[in-house]
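I opened this one to see what holds the fold together. My notes are below, in the order I looked things up.

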Amino acid sequence: MTADKTTILVVEDEPAIVELVCFTLKEAGWNPIAVHNVADAWEFIQRRSPQLILLDWMLPDQTGLRLLSRIRGDRQFNELPVIMLTAKSMEEDKIAGLDNGADDYVTKPFSPRELTARINALLRRKSPEHAQSLMTAGEVKLDPVSCNVSINEHKIDIGHAEFKLLKFFLAHPDRVFSRSQLLDKVWGDHVVIEERTVDVHVLRLRKALKDAEYLIKTVRSVGYMLSEK
Ligand code: CA
């Protein structure tokens with residue numbers, strides 16, 4: 001399911017740090033992609049829209065801060081979660097980063113555990129469906145790292161699209177989503193599929209959930225929601 005993993009763009013020019021960060025992110029279940037300068041980073045962002053960016057401060061072509069300003073000034077990408085990686089522990093630099101729209105910063109040297117915790121915290125805050133922590137509702141458990149879904153501790157078979165749909169619902173319980181919102185949030189705007197395809201996947205999801213199908217509610221003339229009530 002690599003294609004489906006949360007992509008994290010690592011913008012860093014120091015090989016040893018790139019290696020450590022990428023190893024750490026892979027172990028945590030994410031899909032890290034490393035670039036070494038601002039130009040390549042901007043190109044990647046436009047082509048692949050990553051779910052989070054780890055951004056070094058000092059880069060060979062421009063500063064990470066310049067890239068950050070560009071991201072925050074862009075209509076399509078201004079919401080992208082960004083964590084600054086910085087060797088500078090000076091208070092004024094941290095403030096400059098946060099002023100320019102960084103969501104968080106990690107000061108080098110950092111431990112893999114600290115980095116993972118910061119990323120998870122930020123993803124939980126900004127896009128919960130990308131955090132790598134166990135998600136539950138009623139008797140259903142979804143493990144984003146192993147991509148397993150279980151009901152009362154028994155692993156179930158679930159299709160790829162249904163897995164993504166369930167993960168999204170679990171990240172946003174008790175909220176109603178229209179078919180077009182689900183298409184947009186679960187499938188992304190790169191995919192052209194019809195709204196009634198959502199109904200097909202909801203149907204399959206309910207079937208996969210067996211006795212726990214009650215969790216997925218139809219809200220008439222609006223859409224669908226996950227609720228334990
Ligand atoms: Ca650097």
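These entries go through the metal site, salt bridges, aromatic pairs, nonpolar cores and a sheet.

**Ground rules**

I'm working on a predicted model, where local features need pLDDT of at least 70, side-chain atom pairs count only at pLDDT 80 or more, and totals for chains, interfaces and linings use all residues. Residues are numbered from 1 along each chain as its sequence is written, and side-chain values use heavy atoms, with hydrogens and water left out.

**Entry 1: the calcium ion**

Which residues coordinate the calcium ion? I found Asp 13 (OD), Asp 56 (OD) and Met 58 (O), at 2.1 to 2.3 Å. Donors here are N, O and S atoms within 2.8 Å of the metal (3.2 Å for Na, K and Ca), and water is not among the atoms, so sites may look incomplete. I wrote the donor spacing down as D-x42-D-x1-M. Asp 13 sits in the loop between strand E1 (7-11) and helix H1 (15-27), and Met 58 in the loop between E3 and H3, so this pair links parts of the chain 45 residues apart. For element names I use DSSP runs numbered from the N terminus: helices are H or I with at least four residues, strands are E with at least two.

Next I checked burial (buried is under 20% relative accessible area, exposed over 50%, partly exposed in between; 1.4 Å probe, protein chains only). Asp 13 is partly exposed at 32%, whereas Asp 56 is buried at 3%.

**Entry 2: salt bridges**

I count eleven salt bridges, each being a side-chain nitrogen of Lys or Arg within 4 Å of a carboxyl oxygen of Asp or Glu.

Asp 56 turns up again here: Lys 108 bridges to Asp 56, with the closest N and O atoms 3.0 Å apart. Lys 108 is in the loop between strand E5 (104-107) and helix H5 (112-126), and Asp 56 is in strand E3 (residues 52-56), so the bridge ties together parts 52 residues apart in sequence. Lys 108 is buried too, at 15%.

Asp 103 and Lys 126 make another bridge, 3.1 Å from N to O. Asp 103 is in the loop between helix H4 (91-99) and E5, Lys 126 in helix H5, so the pair ties together parts 23 residues apart. Asp 103 is buried at 19%, while Lys 126 is partly exposed at 34%.

Glu 114 and Arg 118 bridge at 3.3 Å, N to O. Both lie in helix H5, four residues apart, about one turn of the helix. Glu 114 is partly exposed at 30%, and Arg 118 is partly exposed at 26%. I also noted a network: bridges with shared partners join Glu 12, Asp 56 and Lys 108.

**Entry 3: aromatic pairs**

How many aromatic pairs are there? I get two, counting rings of Phe, Tyr and Trp (its six-membered ring) with centres within 6.5 Å; planes under 30 degrees apart are stacked, over 60 edge-to-face, the rest tilted.

Trp 42 and Phe 77 are edge-to-face, 6.0 Å centre to centre with 80° between the planes. Trp 42 lies in helix H2 (residues 38-48) and Phe 77 in the loop between helix H3 (64-72) and strand E4 (82-86), so the pair ties together parts 35 residues apart. Trp 42 is buried at 10%, and Phe 77 is buried at 6%.

Phe 168 and Phe 177 are also edge-to-face, at 4.8 Å and 65°. Phe 168 is buried at 3%, and Phe 177 is buried at 2%.

**Entry 4: nonpolar cores**

A core here means buried Ala, Val, Leu, Ile, Met, Phe, Trp, Tyr and Cys residues joined through side-chain atoms within 4.5 Å. The largest has 31 residues, with Leu 166, Phe 169 and Leu 182 making the most contacts inside it. Elements giving two or more residues include helix H6 (160-171), helix H7 (179-187) and helix H8 (195-209). H6 supplies the largest share, eight residues.

I looked up Leu 166 beyond its neighbours within four places in sequence: its contacts (heavy atoms within 4.5 Å) include Val 140, Leu 142, Leu 205 and Leu 226. Apart from this core lies another of 21 residues, among them Val 11, Val 38, Ile 45 and Ile 53.

**Entry 5: a sheet**

Four strands form an open antiparallel sheet in the order E6-E7-E8-E9, where strands pair if DSSP finds at least two bridges between them. E6 and strand E9 (154-155) are the edges, each pairing on one side only. Three bridges join E6 to E7, and Thr 136 stands opposite Lys 141 in E7.
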